Amino acid sequence: MELNVRSLIRNYILFNLQREEDYDPVYEDSRRTIKRLAAFNLLKRNQLRLQTITALAKMRKNRRWWVRPIFLDRKLAGAWFSLIPVMREFDEEAFFNFLRMTPACFDWLLEQIAHLITKEDTRRESISAGERLAVTLRYLASGDSQISISYLFRISDRTKFPMRGSELYNYKFGNSIILFAVSDAKYKFIAVDVGARGREHDAGVFDRSDFGKLYNNHQLQLPPSVYNPDVMESLPYVFLGDSAFTLDTHLILPFDSGYKPEEIVFNYRLSRARRVVENAFGILASRFRIFRSSMIGSETLVQNIVLSATALHNLHLMREDSIPPRQRLYLPEGYADVYESNGHLKKGRWRNENKDEENSILKKLESQEMVHANVLSGTAVREKFLDLFIKNSLPWQYDDLPDVIP
């Protein structure tokens with residue numbers, strides 16, 4: 001006990017010196033709060049240590065245990081009891097980096113789902129809803145193995161890892177499932193479908209998804225076409241895709257050849273718009289690094305992990321929508337790609353984080369089969385947009401295209 005008190009005093013002195021060197025001294029009110037918190041933690045840790053020693057002594061006598069010894073000090077050394085409260089109180093930025101969520105957002109989300117994840121005590125005290133949520137968020141944010149998360153929170157790992165057959169085998173010589181999603185202009189996912197086998201073609205995934213079925217059956221209830229004075233015609237609302245899909249009235253694709261000047265301009269303008277979708281997936285993978293590693297678990301578990309991450313992604317974007325960019329944490333200023341006033345692209349910071357991740361969800365297929373396009377309505381709609389891009393040109397859209405004469 002005496003040694004612990006000396007260590008506590010030494011750490012407190014070092015803390016004060018560090019704050020003074022950073023020209024951010026600790027005020028008297030804060031000093032009292034820190035001292036009380038440190039003293040409480042010291043007493044609590046010693047109390048829990050005695051309980052752990054007592055429990056271990058009984059286990060040695062009985063030669064068996066209900067809980068493994070390394071998990072007995074969960075309330076002493078587990079992240080939920082030792083690390084997270086300190087970050088919540090003194091370092092909100094560290095709290096966000098650890099759980100990819102601010103304390104206020106964490107409390108709000110916990111209030112919404114607590115009744116769904118609360119377990120009743122039986123033979124022993126159950127893990128609280130807050131701790132369950134923290135474990136899940138840390139797993140999604142870090143991409144660490146479930147064993148590693150188990151040690152961090154001092155919670156026993158109960159997952160089973162069933163093997164899957166060749167049904168999910170893909171061209172990268174591994175098992176995978178596909179995340180098919182539609183993004184809006186603000187990087188939110190407005191439609192998500194998870195579970196298609198990794199070896200399936202994108203067009204087939206689209207056709208078999210719920211979204212694809214609604215689209216093909218004309219049941220999406222899209223807004224009516226809008227008259228555009230530049231081309232003096234009505235233009236429909238459209239989705240943007242690549243050559244893996246089928247050109248259609250509401251699905252615009254780039255020109256395959258792109259040799260004509262106007263086709264080069266069209267593909268350039270389409271590429272600018274599609275970059276938003278690329279950023280949506282990039283931000284998702286950067287914030288939730290579970291996408292950077294292989295997920296070990298049943299197919300249902302992996303699907304739920306992906307759906308949870310996309311839902312949290314949307315939650316953050318909606319909560320920060322009314323906050324000035326410089327005050328945002330999930331999508332701060334400069335994190336996503338932006339086009340400067342001269343039309344030059346300034347790449348977002350998320351790209352540096354994903355730079356060396358060859359197996360990330362952003363890896364594009366090098367070769368894709370061309371599918372037959374709807375040469376009537378789809379082609380006609382694309383020609384209308386081409387006409388729009390030429391007549392309503394951007395000042396810089398020809399700068400990087402030396403072979404195109406405006």
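This is a guided tour of one predicted protein model, stop by stop, for a reader with the viewer open.

**Before you start**

Because the model is predicted, local features are described only at pLDDT of at least 70 and side-chain atom pairs only at pLDDT 80 or more, while totals for chains, interfaces and linings use all residues. Numbering starts from 1 along each chain as its sequence is written, and side-chain values use heavy atoms, with hydrogens and water left out.

**The whole chain**

Show the protein chain as a cartoon: it has 14 helices and eight strands. These are DSSP runs numbered from the N terminus, with helices being H or I of at least four residues and strands being E of at least two. Of the 406 residues in the protein chain, 36% are buried. Here buried means under 20% relative accessible area, exposed means over 50%, and partly exposed lies in between, with a 1.4 Å probe and protein chains only.

Among contacts (heavy atoms within 4.5 Å) between residues at least 6 apart in sequence, 59% join residues at least 24 apart.

Now colour by pLDDT, the predictor's confidence in each residue, from 0 to 100. The protein chain averages 78, and 69% of the residues score at least 70. Over residues 356-376 the pLDDT is below 50, and this stretch has 35 contacts in the model beyond near neighbours in sequence. Residues 161-166 also stay under 50, with eight contacts beyond four places in sequence.

**Helix H5 and its cover**

Select residues 92-99, helix H5, where Phe-95, Phe-96, Phe-98 and Leu-99 are buried. They sit on the same side of H5 because they cover an arc of only 165° around the axis, the arc being that of the directions from the helix axis to the C-beta atoms. As background, an α-helix has 3.6 residues a turn, so residues three or four places apart point the same way.

Just after H5, look at Arg-100, which takes a positive phi of about 55°.

**The nonpolar cores**

Next, display the largest nonpolar core, which has 46 residues. Such a core is a set of buried Ala, Val, Leu, Ile, Met, Phe, Trp, Tyr and Cys residues joined through side-chain atoms within 4.5 Å. Ile-84, Phe-106, Phe-153 and Phe-288 have the most contacts inside it. Centre on Phe-153: leaving aside neighbours within four places in sequence, its contacts include Trp-80, Ile-84, Phe-98, Ala-134 and Val-135.

**Two loop residues with positive phi**

Most residues other than glycine have a negative phi. Select Arg-154, in the loop between H8 and strand S1 (177-183), whose phi is near 60°. Arg-154 is partly exposed, at 25% relative accessible area. Then move to Tyr-187, in the loop between S1 and strand S2 (189-197). Tyr-187 has a positive phi of about 70° and is buried, at 14%.

**Links across the sequence**

Go to Asn-314 in helix H12, which is buried with a relative accessible area of 14%. Which residues does Asn-314 contact, leaving aside its neighbours within four places in sequence? They are Lys-188 and Phe-189. The Asn-314 side chain reaches the backbone oxygen of Phe-189 at 2.8 Å. Asn-314 and Lys-188 are 126 residues apart in sequence, with C-alpha atoms 5.4 Å apart.

Next comes Glu-262 in H11, partly exposed at 32%. Not counting residues up to four places away in sequence, Glu-262 touches Leu-386 and Ile-390.

Finish at Lys-384 in helix H14 (residues 377-391), which is partly exposed at 26%. Leaving aside neighbours within four places in sequence, Lys-384 contacts Val-231, Glu-233, Ser-234 and Leu-235. The side chains of Lys-384 and Glu-233 are joined by a polar contact of 3.4 Å. A polar contact is a pair of N or O atoms within 3.5 Å; within protein, one must be able to donate a hydrogen and the other to accept it, and residues adjacent in sequence count only if both atoms are side-chain atoms.
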